[in-house]
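The structure is shown first.

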Amino acid sequence: MRPPPVTAAVRVRRAEVSDLDDLVALEESSFAQDRLSRAQYRKHLDSETALVLVASANHRRFLGTAVVFFRKGTTVARLYSIATKPAAQGKGVGSALIEASETAARQKGCRSLRLEVRKDNAVAIRLYERLGYGKIGEYPGYYADGTDALRFEKQL
């Protein structure tokens, strides 16, 4: 059994307007389709129903991001997007972002966190399962390229 990744050096904070260039660059390098635009990121930074998180190892390094949505009248939060820089993958950045997303969801009174993941993204699926997420559904042809999505949920 592998030891859990070390996340102590990873810091997660709420994204700021000054992060926009890094957010957009990571989005464009991480996803071929279904991307968030600069305008969407800008809107989410000021939204009460969205939270954009940034992970870094120090104040100058941008390692990854997560976007969480909250809907009024429900206790279910949605991890809409998560991405890490290739050099940071496997170093606990994704785990730290997910844990921070869960904490934020709990603070907003949410009882569960849901997400969709490409059926062919084995690395992400293993991460979600390791962190206690269970498969609750499947969406055929969910992504723009026709790839199916799996839906996962964790009770908080």
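Predicted model: local features only at pLDDT ≥ 70, side-chain atom pairs only at ≥ 80, totals over all residues.

Seven strands make up an open sheet with mixed pairing, in the order β1-β2-β3-β4-β5-β7-β6. Because β1 (11-14) and β6 (134-139) stand at the edges with a single partner strand each, one side of each has no neighbour in the sheet. On average, and with direction ignored, neighbouring strands of this sheet are turned by 25° against each other.

Strand β4 (residues 76-84) pairs with β3 (residues 64-70) in the antiparallel sense, over seven bridges. These two strands form a hairpin with five residues between them, where glycine 73 has a positive phi near 85°. Strand β4 also runs parallel to β5 (residues 112-118), to which four bridges join it. To get from β4 to β5 the chain passes through helix α3 (residues 93-107), and this β-α-β crossover is right-handed.

Some of the bridge partners are listed here.

| Strands | Residue | Bridge partner |
|---|---|---|
| β3 and β4 | threonine 65 | alanine 83 |
| β4 and β5 | leucine 79 | leucine 115 |
| β4 and β5 | alanine 77 | leucine 113 |

Two further helices lie across strands of the sheet. Helix α1 (residues 20-30) lies across β2 (50-56), β3 and β4, and runs at about 80° to β4. Helix α4 (residues 122-130) lies across β4, β5 and β7 (149-155); its direction is at about 160° to β5.

How values were computed. Residues numbered from 1 in each chain as written. Heavy atoms only, no water. Pairing = 2+ DSSP bridges. Right-handed = clockwise from strand over helix to strand, strands pointing away. Axes fitted to C-alpha atoms, helices over the stretch in contact; angles between N-to-C directions. Contact = heavy atoms within 4.5 Å.
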